[in-house]
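I am opening my notebook on a structure that is new to me, and I will write down what I looked up and what I found.

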Amino acid sequence: MSGIVLKITIEDTHPPVWRRLVVPENMSFYDLHRVIQLVFGWEDMHMHIFEAPQNRFEIVVNSKDAYTEFFMEKKLPVSAVAEHENWIRYVYDMGDDWRHKVVFEKVLQDYEKDFATLMKAKGNNFVEDSGGIWGEEQVSGSYDAVSVNAQLEQMHFADIRLAEKDRKKLEQIYVMQQMDKEIKEMLKHAVSRPAYYNEIVPENRNYISKQSDSQADMEIFAWRQFCGEDEKGAICKMAPRKMSREILARLSDEELQNLEYALYIDEENVTDQSKEERILNMFQKHPEYYFCVLNETDMQEIEKVQLFEYNQKNEMNAETVEKGIALGLWHMQIPEKTQASYLFPAIDFEQRLENLQNADWKNQIMNMQDFSDKLRKILLAYAVIEQNVFYDIFEKQWNMKIGKQEFLRLVYLNGLIAGKYEIHAWQSTGERFICVPGLDVDAILSQRMLYAADLSYKQFTKKELLKYSQPLYELEPQWEGVEKIARSFLWVPQEAMEAFIVACYQDICSGNGIHAVLEHMGIYETDLPLLHSCGLWKILMRFIMETRLPMLNGYSRLEYQNMTGEDAFSMGVFQKDQLEDDVETETPLYAMPGSVQEMIYHALSDHRGADQIQTLEQVTRKLKIHNNELDVLTAMACAENEKYTKACNILDDVADRTEDPSVISTIDILSEQAERILENNAYFGEPFMGIQKEMPYQREAPKVGRNDPCPCGSGKKYKKCCGK
C-alpha cells in the first residue's frame with residue numbers, strides 16, 4: 001500500500017494559502033473531497049467538482065452536473081489520475097468559486113495508513129459564504145493542525161478498484177492526449193514555414209527592398225533592431241549634413257528605379273536630371289503623392305522634428321523614422337551602446353516640410369485613405385488582377401474620373417513604395433498584375449494562361465465589393481469553420497491559428513491541390529488519427545473546390561465548371577499519378593485515384609440524409625473493398641442521421657482492423673449519445689411519438705483485442721488466429 005503526497009493551494013491567494021498532506025493512493029475522489037473540506041474548514045454546504053487540466057474530463061457527484069467527458073467521483077481512485085496528471089483542480093461553491101489546485105507531488109511507497117495525514121499548512125481557513133477570494137475573510141486565530149489530524153485519523157477510507165469501463169475510457173483520453181502532443185510537434189514545421197507569416201491583408205510595412213543592402217536599408221534594419229518591439233524609439237536631432245537628393249542616393253538602384261517608375265509610369269526622361277532629382281521634382285509638384293505613404297501620425301511626428309532642439313534626446317514613432325529615411329527626409333547613425341539614435345534632417349528638410357504643410361495635408365490624407373480603401377476592396381475580391389482591368393473595374397464601381405496614368409501612379413506608389421501589395425510583371429505577355437502578398441503569383445499566372453486566358457473577370461456589384469474589408473478566408477462561408485477544424489482535428493495552438501489559416505488560404509488561393517496543401521502543412525503521408533484525417537480531407541476539398549481563385553479570374557473551380565463545362569477536378573486538384581493507383585484498406589482519402597475522390601466529394605456535397613449514406617455505400621461497392629477512411633465517412637453520415645447502431649457497427653469493424661483510438665473513442669461517444677437521447681425521452685416524454693428510433697448500440701460480446709487470446713480456444717493471440 002502506498003500514499004500520494006498532495007499540495008493543495010487555494011488559487012489567487014496572496015500570500016498563498018495551502019495544505020500539504022499524504023492520502024492513501026486508492027482512496028476515491030469522493031473521499032478526497034471530504035478531506036479537502038476538513039483541512040480547509042469548509043462546511044460542505046455547496047456544490048463541488050473536480051476538473052482535469054485543459055478540461056479533458058470532469059469528476060462529478062451526478063452525471064447531470066457534467067459538461068464534458070466525466071467520471072463519477074465515488075468510483076474513481078486518486079491514483080488513476082495521479083499516474084497521468086501533474087495536478088487537478090477542485091472547485092467548491094460555484095458562487096464564491098473557491099478554486100483549489102491539487103498538485104500530485106510524489107508517491108510514498110511505505111504509507112500503510114488508511115486515512116489522510118496533514119503534513120504542513122500555511123495560512124488560516126476562509127469563512128464560508130464570505131464572497132470568494134476577493135472577499136478574503138479569514139477565520140480569526142491560528143490554524144489548528146493538531147485538531148485537523150485528530151479528525152483525519154477518524155476518517156478511514158476503503159480502496160477503490162477502477163472499473164474496466166472507466167479504465168478504458170481514461171486510457172483513451174490519455175492516448176488522445178499523447179497524440180495531441182505528437183501532432184503539435186509535427187505541426188511545428190507547418191506553422192513555422194516562412195509563407196505562413198506573409199500577411200495576406202494588403203497592409204504590409206515594407207518601405208525597403210527585401211533583398212537590398214543599400215545604406216538606407218542598413219539604417220532601417222539597424223533602427224528596427226534598436227527599437228525592438230517598441231512602437232517608439234529615442235532619437236537625438238543632429239545638425240544637417242546632406243541634401244535630400246544625397247540621402248535618396250543612399251537607396252539601392254532597384255528602390256530608386258521603383259520610385260521613379262511609380263511617379264512617372266512610362267514617361268521618358270527627356271532631361272539630364274538624375275533619378276533623385278526627377279523624384280524630388282515630382283514630389284515638389286505633387287506633394288499629395290507623399291500621402292500614399294505618410295499618415296496623420298507621420299505628419300505630426302515630422303512636424304515635431306522641426307521643433308526638436310539639436311543634441312537633445314526625444315522620442316519618435318519608429319515607423320515614421322523608417323518612412324523618413326526611405327523618402328529622403330533624413331538619415332541616421334546608431335552608435336554602439338547608445339541610448340538615442342542620431343537623426344540628421346536633410347539640409348532642405350524645412351523646405352520640403354513647408355511644401356507638405358501647404359498641401360492641406362489632413363484632407364489629402366483622408367482622400368488618399370479613401371482611395372486606398374477602394375483599391376483594397378477590389379484587390380481582396382480578386383487577389384491578383386491585371387492593372388488595366390483593375391482600372392476599368394475601379395472606374396466602373398466608384399466613378400472617381402481619375403485618368404488611367406494617374407490611377408496607375410497612385411496604385412504603384414501604394415504598392416511599390418508603401419508596400420501595401422505587390423506589383424508583378426508577367427514576362428510571357430508583358431502584362432502587370434496587382435497582387436496581395438504571399439501568393440505564388442508565377443504559378444497562378446501560368447495556370448491562368450492555361451485555363452482562363454480568354455475568360456472575362458468575375459463581376460461584382462458595388463454592394464458585394466463593400467464587404468471586402470477583410471480577406472476572403474474571413475468572409476467566404478466555406479471558410480467559416482476552418483478555425484474549429486484546425487483546433488479540433490489538428491490541435492493547432494491558438495497563438496499559431498491565424499498563421500495556419502493564412503497559410504492554408506495562400507496555398508489554396510495559389511491554385512494548389514490536395515497533395516500540395518497537405519505537403520506544405522507538413523502532414524502529407526503522416527499517420528493522423530482516422531477521424532482527423534477524414535475531417536481534414538473534407539474541409540480542404542471544400543476549400544479547394546469552392547474558393548474563388550485568381551487563376552480563374554475570380555471564379556471558383558465549381559463556378560468555372562458550370563460556366564464552361566470543363567471538369568473542375570481536372571484543374572490541379574489531384575496529382576496525375578493518382579489516376580492509376582489501386583485503393584487498399586489503408587489507403588488515405590487524399591491518396592485515392594482522383595475519380596474516386598471526386599465521387600466521394602459529390603456524395604458529401606450533393607446529397608443529404610439517407611441519400612448521402614447510400615451514395616457513399618455505392619462507392620464502397622464499386623471499390624470492392626472496405627477502405628478505413630471511407631467507412632469512417634459513411635459511419636459519420638449515419639451518425640448525423642441518428643442511425644447510431646449502424647454507425648457503431650461500421651466503426652467497430654474499422655476499430656477491429658486498425659485499433660485506431662479516435663475510432664474507438666467515437667464508438668463510445670455515439671453509444672452514450674444514443675443512451676442519453678433515450679433517457680431524455682423517457683424522462684421528458686417522447687417528442688416524436690410513432691417515429692421508430694434505433695436502440696443504442698451494444699456489443700454482442702466483449703471486444704477482443706488484437707493481443708488477447710483468441711476466443712476460438714486455439715491458444716494463439718487473436719491477431720495470429722481468427723483476427724488475421
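In which loop is Pro15 found? I located Pro15 in the loop between strand 1 (3-10) and strand 2 (17-24), where helices (H or I, at least four residues) and strands (E, at least two) are DSSP runs, numbered from the N terminus. I looked at the peptide bond that joins His14 and Pro15, and it is cis, with omega about -5°.

Before going further I noted that this is a predicted model, in which local features need pLDDT of at least 70 and side-chain atom pairs count only at pLDDT 80 or more, while totals for chains, interfaces and linings use all residues. Residues are numbered from 1 along each chain as its sequence is written, and side-chain values use heavy atoms, with hydrogens and water left out.

**Overall picture.** I found 26 helices and 15 strands in the chain. Of its 724 residues, 51% count as buried, where buried means under 20% relative accessible area, exposed means over 50%, and partly exposed lies in between (1.4 Å probe, protein chains only). I also looked up contacts, meaning heavy atoms within 4.5 Å; of those in the chain with a separation of 6 or more, 66% are accounted for by residues 24 or more positions apart.

**Cores.** I next turned to the nonpolar cores, each a set of buried Ala, Val, Leu, Ile, Met, Phe, Trp, Tyr and Cys residues joined through side-chain atoms within 4.5 Å. The largest has 148 residues, of which Trp330, Phe407, Trp537, Leu540 and Ile600 touch the most other members. Helix 20 (residues 530-546) gives the most to this core, with 11 residues. The core draws at least three residues from each of domain 2 (224-359) and domain 3 (579-682), with bounds that come from an automatic or database domain assignment. Leaving aside neighbours within four places in sequence, I listed the contacts of Ile600, which include Trp537, Leu589, Met592 and Leu616. A second, separate core of 43 residues includes Phe71, Tyr143, Val148 and Phe157.

**A helix pair.** I checked how helix 12 (residues 361-382) and helix 14 (residues 404-417) pack, and their angle is about 85°, with the axes 11 Å apart; axes are lines fitted to C-alpha atoms, for helices over the stretch in contact, and angles run from 0 to 180 degrees between N-to-C directions. Helix 12 is therefore roughly perpendicular to helix 14, since angles of 65 to 115 degrees count as roughly perpendicular, those under 35 as roughly parallel, those over 145 as roughly antiparallel and the rest as oblique. The contact is made by Met368, Phe371, Ser372 and Leu375 of helix 12 and by Phe407, Leu410, Val411 and Asn414 of helix 14.

**Two positive phi values.** Asp360, in the loop between helix 11 (349-357) and helix 12, has a positive phi near 55° although it is not glycine, and I noted it as partly exposed at 44%. Glu642, in the loop between helix 24 (628-640) and helix 25 (644-658), has a positive phi of about 60°.

**A buried loop residue.** Is Phe569 buried or exposed? Phe569 counts as buried, at 6% relative accessibility, and I placed it in the loop between helix 21 (557-564) and helix 22 (594-606). Its contacts, leaving aside neighbours within four places in sequence, include Met541, Met545 and Tyr601.
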